[in-house]
Amino acid sequence: MIWDVIARAFASLKAQPLPQLAPLRVNELGWLEGDSVTLVKSHSSWYYPRLSTPHGSPLAIVVHCSDTPGGTAMTMARKRTAPRTPQDRAASWHISVEADGSIVQQASLEVGCWHALGAIPGVGPVNRTSVGIELIGRTPGPWPLAQQDGARRVWRAVVQSYGIPRARAMLPHSEIDRGRRSDPGALWMREHATAVLDYAYARTQPAG
């Protein structure tokens with residue numbers, strides 16, 4: 001009987017409407033604007049000056065996991081405000097979503113960051129065509145509700161601004177860089193990715 005109660009509780013949670021979240025927007029230079037967004041602009045030595053796409057806009061989003069504890073987004077962003085040295089690993093990305101739902105953007109969505117190796121089939125070199133978004137945390141999770149909400153806000157702003165098709169809006173790093181990377185992990189992709197995309201592609205801002 002206890003399992004029936006638990007099953008009904010989960011079914012009830014899944015049936016709840018998505019929360020009303022403060023919307024974000026992407027400005028004409030490719031930067032997010034809105035509540036809980038902090039811009040920490042990387043030095044130009046950490047990225048390509050533009051994307052190699054027909055209109056200079058991203059065609060896909062790759063989702064990553066930072067493999068660092070919550071609260072580390074600002075530290076990693078600030079490190080990249082200084083010129084890159086030969087000792088620095090060539091790793092950069094556009095946006096981090098923190099465990100508390102706050103958002104740190106390091107690079108315009110219209111430049112090419114170094115967030116994955118390889119290519120996206122039918123699109124091109126991943127670093128020249130896509131946005132890299134880091135979820136701050138470990139691949140096993142858990143992923144706090146506030147972080148899920150932050151991801152919903154970010155994904156909706158990006159896909160609505162650039163018309164990125166759903167099939168290319170949540171590409172796992174593990175699929176792009178097969179055999180070398182495992183992020184963002186099975187829990188994110190199984191339990192949260194669909195809800196984030198449902199929110200992102202809703203015709204209107206979902207009501208609470």
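Trainee: Why is Tyr48 called partly exposed?

Mentor: Bear in mind that this is a predicted model. The relative accessible area of Tyr48 is 27%, and since buried means under 20% and exposed means over 50%, Tyr48 falls in between and is called partly exposed.

Trainee: What makes Trp114 count as buried?

Mentor: Its relative accessibility is 17%, and because the cut-off for buried is under 20%, Trp114 counts as buried.

Trainee: How many aromatic pairs are there, and why is the pair of Tyr48 and Trp114 called edge-to-face?

Mentor: The count comes to 2 aromatic pairs. The ring centres of Tyr48 and Trp114 are 6.0 Å apart and their planes stand at 75°; the rule asks for centres within 6.5 Å and, for edge-to-face, planes over 60 degrees apart, so this pair is edge-to-face. Tyr48 belongs to strand 4 (residues 47-48), whereas Trp114 lies in the loop between strand 8 (112-113) and strand 9 (119-120), so the pair ties together parts that are 66 residues apart in sequence.

Trainee: What makes the pair of Trp143 and Trp188 edge-to-face?

Mentor: With ring centres 5.7 Å apart and planes at 80°, the pair of Trp143 and Trp188 is edge-to-face, because planes over 60 degrees apart count as such. Trp143 lies in the loop between strand 11 (130-135) and helix 4 (145-162), and Trp188 in helix 6 (residues 186-201), so parts 45 residues apart in sequence are tied together. Trp143 counts as buried at 4% relative accessibility, and Trp188 is buried with a relative accessible area of 0%.

Trainee: How do you know that Arg128 lies over the face of Tyr48?

Mentor: Arg128 is 3.6 Å from the ring centre of Tyr48, and the distance part of the rule requires CZ of Arg to be within 6 Å. The charged end of Lys41 likewise sits over the ring of Trp31, at 4.8 Å from its centre.

Trainee: What makes His115 and His173 buried?

Mentor: His115 has a relative accessible area of 7% and His173 a relative accessibility of 5%, so under the 20% cut-off both are buried. His115 is found in the loop between strand 8 and strand 9, while the place of His173 is in helix 5 (residues 173-176). Among the contacts of His115 are His64, His94 and His173, and His173 in turn touches residues including His64, Asp183 and Pro184.

Trainee: Which peptide bond joins Asp183 and Pro184, cis or trans?

Mentor: A cis peptide bond joins Asp183 and Pro184, with omega about 10°, and the bond from Gly141 to Pro142 is also cis, with omega near 0°. Most peptide bonds are trans.

Trainee: Why is Ser36 called partly exposed?

Mentor: Ser36 has a relative accessible area of 44%, and because exposed requires over 50% and buried under 20%, Ser36 is partly exposed. Ser36 has a positive phi of about 70° although it is not a glycine. Asp67, with a relative accessible area of 48%, is partly exposed, and it has a positive phi of about 60° although it is not a glycine.

Definitions and conventions
Residues numbered from 1 in each chain as written. Predicted model: local features only at pLDDT ≥ 70, side-chain atom pairs only at ≥ 80, totals over all residues. Heavy atoms only, no water. Phe/Tyr/Trp six-rings, centres within 6.5 Å; stacked < 30°, edge-to-face > 60°. Helix = DSSP H or I, 4+ residues; strand = E, 2+ residues; numbered from the N terminus. Buried < 20%, exposed > 50% of the residue type's maximum accessible area, 1.4 Å probe, protein only. Lys NZ or Arg CZ within 6 Å of the ring centre and 35° of its normal. Contact = heavy atoms within 4.5 Å. Lists of a residue's contacts leave out its neighbours within four places in sequence.
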